[in-house]
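Hi there,

Here is the structure I promised to pass on. My notes on it follow below.

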Amino acid sequence: MVSGLCGTCYAWVYPLSIYIGDVRMKVPVYWLTEPFDPNNCNYSVILGRDVIFGHFDVVFCQREEKIYFYKK
């Protein structure tokens, strides 16, 4: 059972190894067992937020439509 911004549901978790620059980390990816309803939730994808924010300061630049990662 996972819970987050849009409520609670069942999911399978799989750790995925990714790189941002030269930093390798395992990010949990959750496969939801219930259909996703975009009309019910505005947050369609949040991938490994806790893991990534633990390694980087993240800056979102709306005007440029870019995301910058600064290693801590």
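**Confidence and salt bridges**

The protein chain has an average pLDDT of 81, and 82% of the residues score at least 70; pLDDT is the predictor's confidence in each residue, from 0 to 100. Among the chain's elements, strand 6 has the highest mean pLDDT (93) and strand 1 (residues 2-4) the lowest (70). Strands here are DSSP runs (E, at least two residues), numbered from the N terminus. Where pLDDT is low, the predicted coordinates should not be read in detail.

A word on conventions: this is a predicted model, so local features need pLDDT of at least 70 and side-chain atom pairs count only at pLDDT 80 or more, while totals for chains, interfaces and linings use all residues. Residues are numbered from 1 along each chain as its sequence is written, and side-chain values use heavy atoms, with hydrogens and water left out.

Now the charged pairs. There are two salt bridges in the structure (a side-chain nitrogen of Lys or Arg within 4 Å of a carboxyl oxygen of Asp or Glu).

- Aspartate 22 and lysine 71 form one of them, at 3.4 Å, N to O. This pair links distant parts of the chain, 49 residues apart: aspartate 22 is in the loop between strand 3 (11-20) and strand 4 (23-32), and lysine 71 is in strand 6 (residues 66-71). Aspartate 22 is exposed, at 62% relative accessible area, and lysine 71 is exposed at 53%. (Buried means under 20%, exposed over 50%, partly exposed in between, with a 1.4 Å probe and protein chains only.)
- Lysine 72 and aspartate 57 also pair, at 3.9 Å, N to O. Lysine 72 lies in the segment after strand 6 and aspartate 57 in strand 5 (residues 56-61), so the pair ties together parts 15 residues apart in sequence.

Best wishes

Technical notes. Helix = DSSP H or I, 4+ residues; strand = E, 2+ residues; numbered from the N terminus.
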